Amino acid sequence: MKNIIVLSNGNEWCYWCWKGFLESRHATFLRNPFPVKSKLLLWLCWKHFTPKYKFPFKWIWYRLMLHNLGIDKHKGNIIIVYDWNQMTRDASFIKLLKRNNTKVVYVFTNIVQITGATTYHLLDRLKEMYDYVFAFDRLDAKKYGFLYHPLIYEKITLPESSLPQSDLFYVGQAKDRLDILLEIFEEAERHGLSCDFHIIGVPNEKQKYADKIHYNQPLHYEEVLKHINSTRCLVDAIQGNSTGLTIKVCESIIFNKKLITTNVHVKEEIFYAKGNIWIYEDPKSMADFVKEKQVDYEPKDYSMFTVESMLAEIK
């Protein structure tokens, strides 16, 4: 059995997406941007590995990092490195991993144009540096010659919640989605549906319906899960021209929730046939959709999000 190691992107939701796997199978999951444990060493790493300065002798850190990662060259390792992890920029470290009987896998969690690979100027070198590169957006996979795999999200049990029940729940950054989110909110209000909206990154002058919408109040992901437990339907508004299945799609399938989405490409997925997903602007009434009986998803509907489905692609 391979030794599975994850270098995360530092986001809290990333850990929860793996939690179900970590509870059932041994794996190493690192939340820090560098594979070191103490705060002092982490601070020193930030200084030593910053691209602003060209400090020598970075290789001194590598032995410690290999130890902390639990690399076993006799057993074989698979390291899954998330986009935005700081070690993605260090080609020498990636080469060292590969020399220690390790398959190194790069995973995107957003469209290519707004990712760490683009910011760090790694895009043209990814296929050379890594054994496998997985895009979560099919169009990006086709355009750049990457493999396709949706986001990892292992099934877990939702935490209990005493929050008020809502019909629609949204949490996330506004970015280029504020107008469509407000449009969905207004339509829900017209139909007498209750909304639990948490929109982040909105300047004061654009905070419409501030008495009903929670602005710029981020939630810890465990709190997000409690809100999911207390709603009938999740709202998913995609960025730009993305076709990838966002974490909100994963959540809706994993936790048996209805979904309102602006992503028309979700119709191509096997789980769409259940009838629990409404493409925004389809002629059907939002109120009728939300109030219809939920059809439970089965394991085959969310098997595509599992760790095992990705591991099956890694030879």
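How many nonpolar, polar and charged residues does the lining of the largest pocket have? The lining has 15 nonpolar, 10 polar and 7 charged residues, where Ala, Val, Leu, Ile, Met, Phe, Trp, Tyr, Cys and Pro count as nonpolar, Asp, Glu, Lys and Arg as charged, and the others, Gly among them, as polar. The model is a predicted one, so to speak of local features takes a pLDDT of at least 70 and side-chain atom pairs count only at pLDDT 80 or more, while totals for chains, interfaces and linings use all residues. Numbering starts from 1 along each chain as its sequence is written, and side-chain values rest on heavy atoms, with hydrogens and water left out.

Back to the pocket: about 960 Å³ of space lies in it. A pocket here is an open set of points on a 1 Å grid over the protein atoms alone, where a 1.4 Å probe fits, with protein on both sides within 12 Å along at least five of seven lines; lining residues have an atom within 4 Å of a point. Grid points are joined across faces, edges and corners, and the volume is the space filled by probe spheres set on them. Of the 32 lining residues, Asn11, Trp13, Gln173, Lys175 and Ile247 lie nearest the centre. Helix H1 (12-24), strand S7 (166-173), helix H9 (221-229) and helix H10 (247-254) each supply at least two lining residues, and S7 gives the largest share, 4 residues. Helices (H or I, at least four residues) and strands (E, at least two) are DSSP runs, numbered from the N terminus.

Next come the sheets. Strands S1 (residues 3-7) and S3 (residues 77-82) run parallel and are joined by 5 bridges, with isoleucine 4 partnered by isoleucine 78 in S3.

S7 and strand S10 (residues 231-236) run parallel, joined by 3 bridges.

How values were computed. Pairing = 2+ DSSP bridges.
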